[in-house]
Amino acid sequence: MVESINGEPGIRGIENRPDYMNERVFQRNRLPPRAYFLPAEHLSLSGKWRFRYASSPLEPDPEPEPVDGGAWNLIDVPGHWQLQGYGHPHYTNISYPFPANPPFVPSENPTGLYEIDFSIPNHWHNDVFYRLRFEGVDSAYHLWLNGKEIGYSQGSRNAAEFDISDVIRKDDMNTLRVKVYQWSDGSYIEDQDMWWLSGIFREVTLFAIPVEGHIEDFFIQTELDKQYQDAVLQVKLHIRLTSTAKILLELTDANGQRACKPKTYGLVPEETESICRMVKISNPLKWTAEHPNLYYLRITLTAKGKKLQVINQPVGFRTVELKDGLIQVNGRAIHLRGVNRHDHHPRYGRAVPIDFIKQDLVLMKQHNINAVRCSHYPNHPALVSFANEIGLYVMDEADLECHGMGVDFEHLPSDDPAWKAAYVDRMQQLVHRDKNNASVIMWSLGNESFFGQNHVAMYKWAKQYDPTRLVHYEGDHEYRASDVCSSMYNSVSDLVNLATRDGDKYDKPILLQEYGHAMGNGPGALKEYQETFYKYRRLQGGFIWEWANHGLSKQLPDGSGRSFYAYGGDFGDEPNDGNFVMDGLCTSEHMPGPGLVELKKVYQPVTFHREGNKVLVKNQHDFVSLENLLYACEITRFSGEDAHNHTSSVGHFPGDRTGPGSTFQIEFDGQGGFPQCDTSQAETWLEIKILTRQKLPWAGINQEIAWAEFRLDGGEGEKSSPPALASNLQPAKLQQSRNLLQIYGPRYAIEFDTILAKVTRWSCRGADLILQEAGPQLTFWRAPTDNDKPFAANIWRDHGLHMMTQQVRSVKHRHCEDTGSFEIIVESWIAPPVLAWGFKTTTTYTIPSEGQLVIHVHAAPKGINQPSILPRVGIEMTLPKERKVAQWFGLGPGQSYKDMKEAGKIGIWKRDLDDMIFNYEMPQENGNRTETRWVKVTDENGVGIKATLQRGPAGGNGIFGKAKHLDNGPAEQPSSPLDDWEVVQRPQEGSEKRTGFDFAVSKYTAVDLDQAQHPHELKGSPGVVLRIDNDHQGLGSASCGPDTLEKYQLKMSTFDFTITLEATGI
């Protein structure tokens, strides 16, 4: 076999270095890259292979064909050896897990030797070329067939093909051996933020193509006319023939109907390149992410009347161009609502099953995502194929990142001519494999590899070979090798500055290749990003980082069979970047997390706003009208603890007024647009939902894609006064001992410890309402989120907020004869140890005769070096463990925070305790609910506690200000339900303007969540932890990005609020 290096004849060991340690050698005898397709005669070699693991490639190999198999074990292909008992996974974000000295790698370089036997299927033709195709091997490998060396390749996420025709045994068993090296010089430019995992992790295929003639490669391009209406289909063929032949091109639509007249072209052996153009196709259905219309091209090669090869390829008619400074598809600017996606599976690593990939894309579409960036390498080839069908724009990225070389700019591969061929090869591999996919609208040169001459070479090759697509690279800050201005993790204010700095004179749009870092609980302020994208023409959207956590399932060592999702360090991997790999909208199982639920609302392609008394709807789609969608309107009146629903109307939109970008008013039946409803009591809300009318590849009928809520009544109720003494109840009685106040009535008993200054027992009709010694107390701490840890949590810990203690200054009590209630007034100093600041607090416990517990808190900060922001402020208590049901009136059903509540709907919700928390794979603050009017926490029989909160000084205006209380009598009804709307969007944050209060119910304390590193380490509370908060800090995305927006921060202040607790269900 003639040996070649990188396509040219060469000798082994340039500079006396092995191939895997030589940046100039990245392949031997590998065939040129081509478009992805498999011929009819192909055989998957996936399955069980023989395997031997060695600590170094220098260890002697076992015999080529072992007799007893003693040196071999079995391993799954595709798969990673670290996930099958050999070595261990290793996670780093930036740093190399070996000394950074390119192109050299450690002498201890784990090596896997793979073997499999196979035979050629009997029905295959004889006069054929035989080839082996590897879709992905990490990180480099040599291969042998029947003891003869075939070649070498590196580029872990790129395909490689080898011709084995001269070596294969046609009538006998064949033995394939592959020697895989964990580290190679290629590892220096594969430093993506993910697990280091090795082995043959994608499919291996044997296939055959006719010697007489076959298509080596083909490139389909669709050309639309200047009006983006009619099209010409062009096919560039790379062929290999031994005689004259013909090519037949046939194009059909999705129904199998002929789209144009078939075209036949003659071919001669001397030609290796041929361009075939079909006749003009009159106004074909165009492909976009919103309408992924596909046609199907059948390419048939025949010679001497014999059919040699048939290739079937989906085709989408579309153009991509940079026009008027914007990315345009089919002549229209597009808006990208995207996510970044790694190939990941919690048990198989990057050996991802096809169905799992499809599940990801379906889930994306269901959550209003229209674009995916393949970060930071070509994902499995099935992804772009599914994206063609389902409708997703793809930014397809080269397998290239050398972020860790930031420690040594003098030897930066990106600007070193010795690495140029390797860089360009990775671009060629990407483009050739995926070039025939309509979903791919943009190539990317890689990620976080700084910038150098090799990027320019990649860009020039890509633009020369494929001028039909744009090229992206964020690291080029002067945009010499990028068609877009790409940035990442900008704050909203910085994004506005970028969008406006050049006025209307700009040539390239702005994209955020990464933003909204979805690590742990968050990200916050997605709404503000989306509003900014819509506001400024130059901003064409971005890609959330990232789609899913990368946790790997690991069994606990206790023999229980239980497992958890491991991150950096859990496998003894050093150095590591901990749980920075857990930064997705989905869990490690790729199930939606709260961040994805929030994103769906923010990304919804139909938005709503108020203008006067009208509901105006804006179609944010780029191409489609809303005529194929339904709307449903529902008015709900909330009175006390009841909700009364009145369905207003269901209908569909007329296509002539609902085109892309249009704003229009929904047409309703009936006078004033709505049925008459009583808005004089409590709160009355209108909900508008946009639903699918037909079944889609990613959704069933009536799937909700957008919604909005508007308040119809004129305000909230008057604040309730403290409950008066009921005439039919006996006054409360007091029994006092040295340190205990015992207050009891006919229905209840309360004990108050005057030394600890807290309620230690509260019961009603014999039922304990709180856990003994765990009554309500003022607290400020929350378990830091991943987004708190870089900044806010440091402030909080430095100021001792995690260890606040109470110094009781005085405890007084009195009996109020006019109300029949008792009052206990506690003066305290709540402060951290050592430091010279704290809160001077007055906490007044009022106990009416009915047995409620009304707690007024006045907390004033005093002292020097106070923290500027707080985690939260509210009361915390522990309830008996039977209280496992929460019911509340407010935003739900999922968790919500100040800056992450767009997905919350107003309603009366009921959930079990397990559904009130979200078990992040790194434990942290979770499960908060905002804009709550009241909450009940009970057992299954409804026995428990109800809580409400009012802001302001005791006796002053409360939570509802001057508005009426929910249970007050009727007030004057407006002339129309729409005449006195209160809000259209969520109210602006600020303690004086906030609606409702925050609460959380959990099995875990903040200390427990703070100390645990994994969910299985959570110890759990002896009861149910209930938290009622006056205010709560937002989330932000500071784990990698901007901190919490100032308007969502909980600023240090004097706090005044009243919480009313009462027994319920007794």
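In this predicted model, strands β18, β19 and β22 form, in that order, an open three-stranded sheet with antiparallel pairing (strands are DSSP E runs of at least two residues, numbered from the N terminus; two strands pair if DSSP finds at least two bridges between them). The edges are taken by β18 (213-224) and β22 (273-277), each with a single partner strand, so one side of each has no neighbour in the sheet. Antiparallel β18 and β19 (residues 231-241) are joined by 11 bridges, and F218 has L237 in β19 as its bridge partner.

Residues are numbered from 1 along each chain as its sequence is written. Local features need pLDDT of at least 70 and side-chain atom pairs pLDDT 80 or more, while totals for chains, interfaces and linings use all residues, and side-chain values use heavy atoms, without hydrogens and water.

Turning to the aromatic rings, 36 pairs are counted (Phe, Tyr and Trp rings, the last by its six-membered ring, with centres within 6.5 Å; planes under 30 degrees apart are stacked, over 60 edge-to-face, the rest tilted). F98 is buried at 6% relative accessible area (buried is under 20%, exposed over 50%, partly exposed in between, with a 1.4 Å probe and protein chains only), and Y188 is buried at 0%. Ring pairs also link W49, F51, Y53, W81, Y86 and Y114 into a cluster.

Notes: Helix = DSSP H or I, 4+ residues; strand = E, 2+ residues; numbered from the N terminus.
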